[in-house]
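Keep the structure open as you go.

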Amino acid sequence: MISIWDANVELNIEDRFLVIRNAREAVTFLKKSWPETKSPSYATARKACLDAAKGVIPSAEARAAFETAAKEAGILR
């Protein structure tokens, strides 16, 4: 079972507001909607979110990695 994050990650993509609530949503966003430029923090976030979705690591760790990558990409609200 996928757990909802304690706090949502809010993104601003091309003047749209998007809320990511858990690791599974983050994985989908990372795969399908992430900006073209991908940094090392993107790879870290993708692995962390995949691992959290499988229950390998705590969801809070995945959320932190995703938020860091979003901030670096300039899409964190």
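This is a predicted model: local features need pLDDT of at least 70, side-chain atom pairs count only at pLDDT 80 or more; totals for chains, interfaces and linings use all residues.

Q: How are two packed helices described?
A: Two packed helices are described by the angle between their axes and the distance between the axes. Take α2, residues 40-53, and α3. Their angle is about 155 degrees, and the axes lie 8 Å apart.

Q: Are α2 and α3 roughly parallel or roughly antiparallel to each other?
A: Roughly antiparallel. An angle over 145 degrees counts as such, so the pair qualifies. The crossing of α2 past α3 is left-handed.

Q: Which residues of α2 and α3 meet?
A: From α2 come S41, Y42, T44, A45, A48, C49 and A52. From α3 come S59, A62, A65, F66, T68, A69 and E72. By type, the residues of this α2 and α3 contact are 9 nonpolar, 4 polar and 1 charged.

Q: At what angle do α1 and α2 pack?
A: At about 140 degrees, with their axes 8 Å apart. This angle makes α1 oblique to α2. Their crossing is left-handed.

Q: Which residues make the contact of α1 and α2?
A: On α1 they are A23, R24, A26, V27, L30 and K31. On α2 they are Y42, A45, R46, C49, L50, A52 and A53. The α1 and α2 contact residues split into 10 nonpolar, no polar and 3 charged.

Q: Where do nonpolar side chains tend to be in soluble globular proteins?
A: They tend to be buried together. Here the largest nonpolar core has 23 residues. The members that touch the most others are L11, I20, F29, W34, C49 and F66. At least two core residues come from each of β1 (4-13), α1 (23-32), α2 and α3.

Q: What is L11 in contact with, leaving aside its neighbours within four places in sequence?
A: L11 contacts R16, F17, L18, I20, F29, F66, A70, I75, L76 and R77. Among them, I20, F29 and F66 are named above as core members that touch the most others.

Q: Is R63 buried or exposed?
A: R63 is buried, because its relative accessible area is 16% and the cut-off is under 20%. R63 sits in helix α3, residues 59-73.

Q: What does R63 contact, leaving aside its neighbours within four places in sequence?
A: The partners of R63 are W5, A7, N8 and V9.

Note on methods. Residues are numbered from 1 along each chain as its sequence is written. Side-chain values use heavy atoms; hydrogens and water are left out. Helices (H or I, at least four residues) and strands (E, at least two) are DSSP runs, numbered from the N terminus. Buried means under 20% relative accessible area, exposed over 50%, partly exposed in between (1.4 Å probe, protein chains only). Contact means heavy atoms within 4.5 Å. Axes are lines fitted to C-alpha atoms, for helices over the stretch in contact, and angles run from 0 to 180 degrees between N-to-C directions. Angles under 35 degrees count as roughly parallel, over 145 as roughly antiparallel, 65 to 115 as roughly perpendicular and the rest as oblique. A crossing is left-handed if the near helix is turned anticlockwise from the far one by less than a right angle, and right-handed if clockwise. Ala, Val, Leu, Ile, Met, Phe, Trp, Tyr, Cys and Pro count as nonpolar, Asp, Glu, Lys and Arg as charged, and the others, Gly among them, as polar. A nonpolar core is a set of buried Ala, Val, Leu, Ile, Met, Phe, Trp, Tyr and Cys residues joined through side-chain atoms within 4.5 Å.
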